[in-house]
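Student: Could you help me learn to read a protein model? I'd like to go through it one feature at a time.

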Amino acid sequence: MSRTAISIQNESISCIGQGCMGVGGRFSADTSRDAEQVHALQQGIELGMTFIDTAEVYGAGHSEELVGRAVRGRRDEVCLASKVSPEHLSPVDLMTSCEESLRRMRVDHLNLYQIHWPNPAVPLDETLEAMVRLREQGKIRHLGVSNFSLPELKRIQCILGSVPLFSVQAEYNLFERGAEEEIIPWCARNGMLFIAYSPLDQGRVVGSAVLRKRLSAVAGRLGCTPSQVALNFLSSREPVLTIPKALRSNHIRENATACDIPLPAPVLEEIDRECRVETELVPWRHIRPVPDKTGDHAVYTLIEEARANLAGHSPSAQDLAMEIVRNDHIKPIRVTPITGGDGGFRYDLAEGRIRFWAWVLAFDGERDVPVLVRD
Ligand code: NAP
């Protein structure tokens, strides 16, 4: 039987949702493709992907404006989720952020409001108290969090007491399967939704060419596409909701039907076995901190710059370092191998630029860095 909806805390959520990072621009507004992007979201809704995930930071707010346009006239059919950025977690800022999101979307409430990333510089109980206030005011129906570790999630649950946490969002795809170990089972046990972000590994589907080939072989046998197999595999674990971002019409159609036919147990086992990527431990001095190709983030190349937080990141690498020591946990850093080697470096830092320095600062460079190697 196909899994068409996920039932969580008396809400019925579409089995596949739509992500909106890049809709309306990445981290600054881009209005050049508005009509096409609104149409793409509407096509997704028509095809049943009625859960929509956006954030105040996407397109510097323009993503929320386009989502608002896409749902106009059919607000009740969709489950609207947005996120507040880590630099806005003080109660006053959080209330303002939520108001601004509602204004941009031209709606009177959000179905789900999520803390985008933790910010250890702001007391968590104050942030959660403000979230609960928004819920009491009817501005948000449910509250959720994103990118929190299990010890932090347990702390949140304690602080919230009788107010239920609705969802936990984290990266989950065939390249990054860390959430399977603890967080997804914890969500299942606690009746919460697990929202899998970047389920197609940002379009790579899976991080390495070898794994892509293996996945294509499975897809070929089943008569579907590698992306459909990937989404179907992730969705086979309850309570996982995947939120692929797709603007091309064929992608939207593929995603909407990805879970129509459940994968048989032997196929799930085969993918589990054949497409597994293990986290590796690498000395930090082997990793070259190179600039982000998009130019979206300032990059520290020296430990002193990171310690001094010259670019004014919030949270800073030092803030995150304290959290890492407390939880003894980090989401693995992404690296790509350097061919030929250069100045002792063996990898380029591809993703997780602040987290990388946070780990180095946390352990004074004495503990190797957990990485996922992508080709
Ligand atoms: P993704 O959904 O894993 O991948 C998006 C890319 O895959 C796009 O280039 C898209 O192309 C392509 N694609 C979509 N469907 C496809 C298909 N069927 N076959 C082949 N390619 C396909 O990446 P993402 O945008 O990073 O993640 C999804 C959503 O998760 C985001 O949009 C955002 O809402 C959320 N997210 C949250 C966080 C967080 O910190 N909480 C972080 C990252 C992402 P086209 O657009 O050209 O169709």
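Student: Which side chain has an N or O atom 2.8 Å from a nitrogen atom of the ligand?

Tutor: That's E254: an N or O atom in its side chain is 2.8 Å from a ligand nitrogen. We call this a polar contact, a pair of N or O atoms within 3.5 Å (within protein, one must be able to donate a hydrogen and the other to accept it, and residues adjacent in sequence count only if both atoms are side-chain atoms). The protein covers 89% of the 900 Å² of accessible area that the ligand has on its own. Such areas come from the Shrake-Rupley method with a 1.4 Å probe; for residues, only the protein chains shown count as cover.

Student: Before we go on, what should I know about the model?

Tutor: This is a predicted model, where local features need pLDDT of at least 70, side-chain atom pairs count only at pLDDT 80 or more, and totals for chains, interfaces and linings use all residues. Residues are numbered from 1 along each chain as its sequence is written, and side-chain values use heavy atoms, leaving out hydrogens and water.

Student: Which residues come nearest to the ligand?

Tutor: Of the 28 residues around the ligand, those are M21, D53, S198, L200 and H251. To be near, a residue needs a heavy atom within 4 Å.

Student: How do I read a pair of aromatic rings?

Tutor: You use the distance of the centres and the angle of the planes. Rings of Phe, Tyr and Trp (its six-membered ring) pair if their centres lie within 6.5 Å; planes under 30 degrees apart are stacked, over 60 edge-to-face, and the rest tilted. There are four aromatic pairs here. In one of them, the centres of Y172 and F194 are 5.9 Å apart and the planes are at 80 degrees, so it's edge-to-face. Y172 is in the loop between strand 8 (165-171) and helix 6 (183-189), while F194 is in strand 9 (residues 193-197), 22 residues apart.

Student: Are Y172 and F194 buried or exposed?

Tutor: Both are buried, where buried means under 20% relative accessible area, exposed over 50%, and partly exposed in between (1.4 Å probe, protein chains only). Now try W359 and F363: their centres are 4.8 Å apart and their planes at 65 degrees, so that's edge-to-face as well. W359 is buried at 5%, and F363 is buried at 16%. The charged end of R367 sits over the F363 ring, 4.2 Å from its centre; that label needs NZ of Lys or CZ of Arg within 6 Å of the ring centre and within 35 degrees of the ring normal.

Student: Which residues does a cis peptide bond join?

Tutor: One joins E238 and P239, with omega about 5 degrees. Another joins S314 and P315, with omega about 0 degrees.

How values were computed
Helices (H or I, at least four residues) and strands (E, at least two) are DSSP runs, numbered from the N terminus.
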